2 protein chains.
Amino acid sequence: MYRSVRAAALSIKPKKWDKAANADKLETFVRQAAAQGAELVVAPEGFLEGYVVMDVIEDPDRRADMWEIAEPPDGPCLQRFSNLARELRIVLCFGYAERRDDGVYNAAIIFGPEGEHCGTYYKTQLAEGSCDDWDFNRLGAELQAIDTPLARVGTMICNDRWNPLIARAQVMDGAQAILIPSYGSRSREQNLAVIARARENGVPVVEANVGVNLIVSKGEVAAYVWGTDRISVATIEIPLPPSEVNAHAVAQEFMDWRGPEMQRRYERTMERVDG
Amino acid sequence: MYRSVRAAALSIKPKKWDKAANADKLETFVRQAAAQGAELVVAPEGFLEGYVVMDVIEDPDRRADMWEIAEPPDGPCLQRFSNLARELRIVLCFGYAERRDDGVYNAAIIFGPEGEHCGTYYKTQLAEGSCDDWDFNRLGAELQAIDTPLARVGTMICNDRWNPLIARAQVMDGAQAILIPSYGSRSREQNLAVIARARENGVPVVEANVGVNLIVSKGEVAAYVWGTDRISVATIEIPLPPSEVNAHAVAQEFMDWRGPEMQRRYERTMERVDG
């Protein structure tokens, strides 16, 4: 017993430091995915500003630029995509740099089909590491799962996907699916890490990675496409929680099938024996 | 967050119609598995009587023999293995023909480490089919999961493993692992069916099949050995249910690791940037 959801991953590549162009591109691709039937759409990490953190680390003069381009939680660009999610009646997840009081965070936001803010996840495991001085690249502090109308979901951003504990904590918090906005890597190891997160947790995963989309359902690859600016749509099967009602419904489906099937098998067996 | 359990699968081959010899063989192999550290031991389908149902279908004169050799629920042979499970402090599952008031069933019993009867599962999907007249080969009517001290488990007997609904109903009933006593088939398709049951349900599977053992944990093959009379021991990771306590425990484990790790990554990044 599962909930079937049409999910889309977008391998779209943003332009560095060009938020206006990136927002337009995101809207274009999200509309295309929805037109293909997607109820859930995931776009890459750092999409609005173009994932510029290494520029800032390499050139401290750009810290001010990062603060400028980072979107505040109530910013107009987020409002635009809340409106888009409502218009298209989808769950939408994408990554961007978010400016909060104490610094800039690598964030992934989730909007629901009413345009509601389901939740925001902040990347907790940074490939580049962190230090207190890096107020332009703060570490997320929480691993909570987020409720959406389609499922309670865990979110991992790019480097997070290498760590089984990050996914597991969210699954222990009730996540029934994992969304992964990423920025790059088409290695075999990245594929295996994503598949492993799905298998070890028994949940589907939708990864939108600049250069590759990977969707896993029931522990098997449901979509896998290389290349930038690709839309991958696949059905994911979201496991429902154990319950008496769900157990009975599945058992009844089996019993309905079994009656005529066992009769057919009996007849075949007797033909073989008597023949 | 998982419960790690050492599980053994026994590919032992019984002799047809020789219950005394089979019981002795079962005891010998169960003792060996326990000596190798197994806390959970699974043996094949129909082991006590030697899986003789086709003999009876082909020769109706043998119906009386089946009734004779089938073990009643309170029979001495079952008592012997209850005692053995208690002596070895293991959970033990194996298959046999069980004689009940209305007929003989293809059964798998589970004893716990106190010798307690955790439950008995009756095969629900028969390769040979069924008809009302076959009182020597009744169909099981229930798909309930069974509580053991190691985990709540689903049980499937041989042909059952081909049907996703049988496993799913038990997982919806709370099963955290699946045990599969089987009699034969070393086909690629049988392997894929067993792996699929593990992946689509997010639970480990321990299959003891005459001719092959297959243990799957976290959706990956943990043990796979061809040949009869083999003992396979592997650690299976049994998923714990979502809860606030479990979510916090995993998150804390991640946070303990992250502090020094992010500092190390920061230092490497700055060496690279400054170098």
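Which residue takes a positive phi in the hairpin of S9(B) and S10(B)? In this predicted model, the residue is Gly211(B), with a phi near 110°, and the hairpin has 2 residues between the strands. Residues are numbered from 1 along each chain as its sequence is written, and chains are lettered from A and ligands numbered from 1 in the order in which they are written. Local features need pLDDT of at least 70, side-chain atom pairs count only at pLDDT 80 or more, totals for chains, interfaces and linings use all residues, and side-chain values use heavy atoms, with hydrogens and water left out.

The mean pLDDT (the predictor's confidence in each residue, from 0 to 100) of chain A is 97, and 100% of its residues score at least 70. Among the elements of chain A, the lowest mean pLDDT, 96, belongs to helix H7 (residues 244–274), and the highest, 99, to strand S2 (residues 40–42). Chain A contains 7 helices and 12 strands; helices (H or I, at least four residues) and strands (E, at least two) are DSSP runs, numbered from the N terminus. Along the principal axes, the C-alpha atoms of chain A fill a box of roughly 90 × 35 × 35 Å. Chain A is divided into domain 1 (2–240) and domain 2 (242–275), with bounds that come from an automatic or database domain assignment. The C-alpha centres of these two domains of chain A lie 43 Å apart.

Of the 275 residues in chain A, 60% are buried, where buried means under 20% relative accessible area, exposed over 50%, and partly exposed in between (1.4 Å probe, protein chains only). Among contacts in chain A (heavy atoms within 4.5 Å) with a separation of 6 or more, 67% are between residues 24 or more positions apart.

Chain A superposes on chain B by a rotation of 180° with 0.0 Å of shift along the axis, at an RMSD of 0.0 Å. That is the relation of a two-fold axis. The superposition is by least squares on the C-alpha atoms of residues with pLDDT of at least 70 in both copies. The residue of chain A that comes closest to the rotation axis is Gly202(A), at 1.8 Å (C-alpha). The same surface serves both copies, as 100% of the contact residues of chain A recur in chain B.

Two strands pair if DSSP finds at least two bridges between them. Strands S9 (residues 205–209) and S10 (residues 212–217) of chain A pair in the antiparallel sense over 5 bridges, with Glu207(A) opposite Leu214(A).

In chain B, 6 of the 6 residues of strand S10 (residues 212–217) are buried, so the strand is largely enclosed by the rest of the structure. Val212(B), Leu214(B) and Val216(B) point one way from S10(B), whereas Asn213(B), Ile215(B) and Ser217(B) point the other way. Strand S9 (residues 205–209) of chain B is joined to S10(B) by 5 bridges and runs antiparallel to it; Val206(B) stands opposite Ile215(B). S10(B) is also joined, by 6 bridges, to the antiparallel strand S11 (residues 220–226) of chain B, where Tyr224(B) stands opposite Leu214(B). The hairpin of S10(B) and S11(B) has 2 residues between the strands, and Lys218(B) takes a positive phi near 50° there.

The largest nonpolar core has 49 residues; such a core is a set of buried Ala, Val, Leu, Ile, Met, Phe, Trp, Tyr and Cys residues joined through side-chain atoms within 4.5 Å. Helix H5 (residues 164–172) of chain A gives the most to this core, with 6 residues. The residues with the most contacts inside the core include Leu40(A), Ile110(A) and Leu179(A). Not counting residues up to four places away in sequence, Leu179(A) touches Leu40(A), Ile110(A) and Val206(A), among others. A second, separate core of 47 residues includes Ala251(A), Val42(B), Ala223(B) and Ile238(B).

Asn159(B), in the loop between strand S7 (152–155) and helix H5 (164–172) of chain B, is buried, with a relative accessible area of 13%. Beyond four places in sequence, its contacts include Arg265(A), Lys123(B) and Gln125(B).
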